[in-house]
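Please keep the sequence and the model at hand while reading.

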Amino acid sequence: MIIKPRIKGFVCITSHPTGCLENIREQANYAASQKISGGQKPKRVLVIGSSTGYGLASRITAAFSCGADTLGVYFERPPTDERPASAGFYNSQAFCKLVRKEGYKAEDINGDAFSNEIKDEVIAKAKEFGGQFDLVIYSLASPRRTDPEDGSTYRACLKPIGAVYKNKTLDTDKKEVKDITIEPASDDEISQTEKVMGGEDWELWTDALLGANLLSPDCLNIAYSYIGPQVTQPIYRNGTIGRAKLHLENTAARITEKMAQAGSGKAYVSVNKALVTQASSAIPVVPLYVSILYKIMAEKGTHEGCIEQTCRLFKDHLFGESEISVDEEQRIRLDDWEMDPDVQQKIIEIWPYVNTGNLSELTDFDIYQEEFLKLFGFGRKDVDYDIEVDPAATV
Ligand code: NAD
């Protein structure tokens, strides 16, 4: 089969196995160049949400910078003879292939991380895998969650709270800057979003792992969050998703208490930088902000992708020479370069002027589009996309 990108709105419904393999190889090479030495580096790592974006980069960093064995949990569509798998499926196959060549263990569990069944499966597998984890990364991004207790399915939404939000947004498909008006969320929508993207499931994972004595005495238990700039505040930080992130951040303190009582390390939230991922491309206004941000940070020489962010997280924060540094709310701030006042001032200056006509001049939208295609294994110069590939073959 010849596989080409088929984009529908903010998702690409096809993905390319060879392109995904090359993406992983590139990230693995970068991580291998950022080796972490010293006794504290993790040896056994669990990544929940390990197939794309930040979770995938964390797993690659754990393996290729630290030499850790990794257990990855994700929810991805396998291929059929007629249809390619989702990108995360190929990514995970590629990761396992490359890491096993280096002699490290890697095991995958593909299923719903919100369910009790998958938590049980991880616990059973972890015992075969060698025992306690010294690092857990919680990096799920999902539009829905079925609560294992009451069986109800909750849906997340991306809406402002308390007032109508009007701003400009980018139709990434049509390359068009246009106005957007979003009605505020109802109380039910706010609490459903919190159910999906808040800290409840992270805490359930921690309870399950502590109950099975699977967290080592120095275990670090990390979840990812985002804050972002003034321009996206009504839709992000002060909106439904921001409310859920606040819940996640507040959960860290409770999780730390539980871990301390069990003598099993500590939980942190790391606030990461805005980047093109499958999850972030679905958020209104954010793709326009990211396109401007990429340009400004590239000009300043401070641009990072997921793998550069996670390598810096591991090297400078989690397993560095000094204590883990946190802000007043006890969060690790990996978004420090994004939130640099000079960068944010430039965003504020550019924002009112950007329109469809000057998009290429004022933003790095071309890079945004390249990065978006790359998420699905497309647009790589080293891959011949006119060659037949078997979508169901192992990468
Ligand atoms: P992503 O869409 O690239 O990855 C999501 C991961 O979650 C995938 O591995 C997917 O398989 C997995 N997943 C989703 N539902 C699942 C389920 N039910 N069971 C098992 N696995 C499931 O997302 P991302 O952008 O890397 O986001 C990861 C985390 O990082 C989120 O908490 C997000 O808020 C945070 N973050 C993202 C950004 C950004 O700009 N992308 C910035 C800061 C923080």
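Helix 9 (residues 306-318) is largely enclosed by the rest of the structure, because 10 of its 13 residues are buried, where buried means under 20% relative accessible area, exposed means over 50% and partly exposed lies in between, computed with a 1.4 Å probe and protein chains only. Helices (H or I, at least four residues) and strands (E, at least two) are DSSP runs numbered from the N terminus. This is a predicted model, in which local features need pLDDT of at least 70 and side-chain atom pairs count only at pLDDT 80 or more, whereas totals for chains, interfaces and linings use all residues. Residues are numbered from 1 along each chain as its sequence is written, and side-chain values use heavy atoms, with hydrogens and water left out.

**Helix 9 and the cores**

The buried residues of helix 9 include Cys306, Arg312, Phe314, His317 and Leu318. The buried residues of this helix pack against helix 1 (17-32), helix 2, strand 6 (133-138), strand 11, strand 12 (266-271) and strand 13 (332-333). Phe314, when residues up to four places away in sequence are not counted, touches Ile36, Ser58, Thr61, Ala62, Cys66, Leu135, Phe319 and Gly320, a contact being heavy atoms within 4.5 Å.

A nonpolar core is a set of buried Ala, Val, Leu, Ile, Met, Phe, Trp, Tyr and Cys residues joined through side-chain atoms within 4.5 Å. The largest such core has 89 residues, of which Ile60, Phe64, Phe95, Leu135, Tyr289, Phe314 and Leu318 touch the most other members. Helix 8 (residues 286-300) gives this core its largest share, 9 residues. A second, separate core of 31 residues includes Ile109, Ile123, Ala223 and Ala252.

**Individual positions**

Ile123 lies in helix 4 (residues 116-129) and counts as buried because its relative accessible area is 14%. Apart from neighbours within four places in sequence, Ile123 contacts Ala208, Ala212 and Leu214; the C-alpha atoms of Ile123 and Leu214 are 7.8 Å apart, although 91 residues separate the two along the chain.

Thr232 is found in the loop between strand 11 and helix 7 (240-261), and a relative accessibility of 1% is why Thr232 counts as buried. With neighbours within four places set aside, its contacts are Tyr165, Arg237, Val285, Val286 and Tyr289. Leu246, in helix 7, counts as partly exposed because its relative accessibility is 39%.

**The ligand**

Which residues come nearest to the ligand? Of the 29 residues around the ligand, these are Ser51, Tyr54, Ala113, Lys245 and Thr277, where a residue is near if one of its heavy atoms lies within 4 Å.

| Backbone N or O atom of | Distance to an oxygen atom of the ligand |
|---|---|
| Gly53 | 3.4 Å |
| Phe75 | 3.2 Å |
| Leu140 | 3.4 Å |

The protein covers 92% of the 840 Å² of accessible area that the ligand has on its own, with areas taken from the Shrake-Rupley method with a 1.4 Å probe. Helix 2 (53-64) and strand 11 (215-225) are the elements that give two or more residues to the shell around the ligand. The shell residues divide into 12 nonpolar, 13 polar and 4 charged, where Ala, Val, Leu, Ile, Met, Phe, Trp, Tyr, Cys and Pro count as nonpolar, Asp, Glu, Lys and Arg as charged, and the others, Gly among them, as polar.

Conventions: Polar contact = N/O pair within 3.5 Å; in protein donor to acceptor, adjacent residues only side chain to side chain.
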